[in-house]
Amino acid sequence: MSHTQGTHTHTYTPKQTVAAAPIAQTIFFFLYNTVRNIDFATMAESTDMEQLLMSFKKFAIHGDTKATGKELNGKNWAKLCKDCRITDGKNVTATDVDIVFSKVKQKTSRVVTYEEFQKALEDLAPKRFKGQSKEEALESIYKLVEGREPTNVGVTKMAKAKAVDRLTDASRYTGSHKERFDESGRGKGREGREEIVEKTGYVGAYKNAGTYNDKMKTEK
């Protein structure tokens, strides 16, 4: 900016201000990414914990139609540890599982709550995943359980198959049921269901039917 006064010209230069826009933009993006990452981590952790709770409930109601899914008994706790491969027979044994269960439950109780269940996993984690930090071991043992459910489907199918085979084995039938099948197990159809009258002139169940003519021919 110039101003002329007489024969002298004075030039005024405005004071340079610090460019705040780039700094503000940098701070904004830093905070945005930080909050976004924390949010995603929280969401992922929340989802994982929901999977853990879901597995707890599935094992809690296993084999008990009256169970509410809020408490886990000792038998199903042991099954959970086995099915989820927490029990490996080396670092964690069935005895370890029983000891931890007795440790976390209330003295007069035979079941554990979800919170006590988490404490039990926390106790077993360092034994199951030796060499990992406490946090890493806990995360690893959680992953073994998350989304899992009791593995009894195959056993049930096998038991049903054996029952069906036993019921459809014709060689084991007795009484009138036995008469409906031949020696190979094939059904006789109407012959096996009804007493068919043969118009031969002989009484029923007569074994020498049709032999009279042959006997007469032999005598001649």
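This is a predicted model: local features need pLDDT of at least 70, side-chain atom pairs count only at pLDDT 80 or more; totals for chains, interfaces and linings use all residues.
For helix pairs I take axes as lines fitted to C-alpha atoms, over the stretch in contact, with angles from 0 to 180 degrees between N-to-C directions. Helices themselves are DSSP runs (H or I, at least four residues), numbered from the N terminus.

Residues are numbered from 1 along each chain as its sequence is written, and side-chain values use heavy atoms, with hydrogens and water left out.

**Helices H3 and H4**

I looked up H3 (residues 94-104) against H4: their axes come within 9 Å and cross at roughly 140°. For contacts (heavy atoms within 4.5 Å), I find Asp-96, Val-100, Lys-103 and Val-104 of H3 meeting Glu-116, Lys-119, Ala-120, Asp-123, Leu-124 and Lys-127 of H4.

**Aromatic rings**

Next I checked ring pairs (Phe, Tyr and the six-membered ring of Trp, centres within 6.5 Å; planes under 30 degrees apart are stacked, over 60 edge-to-face, the rest tilted). I get 4 aromatic pairs in the structure. One of them, Phe-56 with Tyr-114, is edge-to-face at 5.4 Å centre to centre, with 65° between the planes. Phe-56 lies in helix H1 (residues 20-60) and Tyr-114 in H4 (residues 114-128), so this pair ties together parts 58 residues apart in sequence. Ring pairs also link Phe-56, Trp-77, Tyr-114 and Phe-117 into a cluster.

Terms used:
Helices (H or I, at least four residues) and strands (E, at least two) are DSSP runs, numbered from the N terminus.
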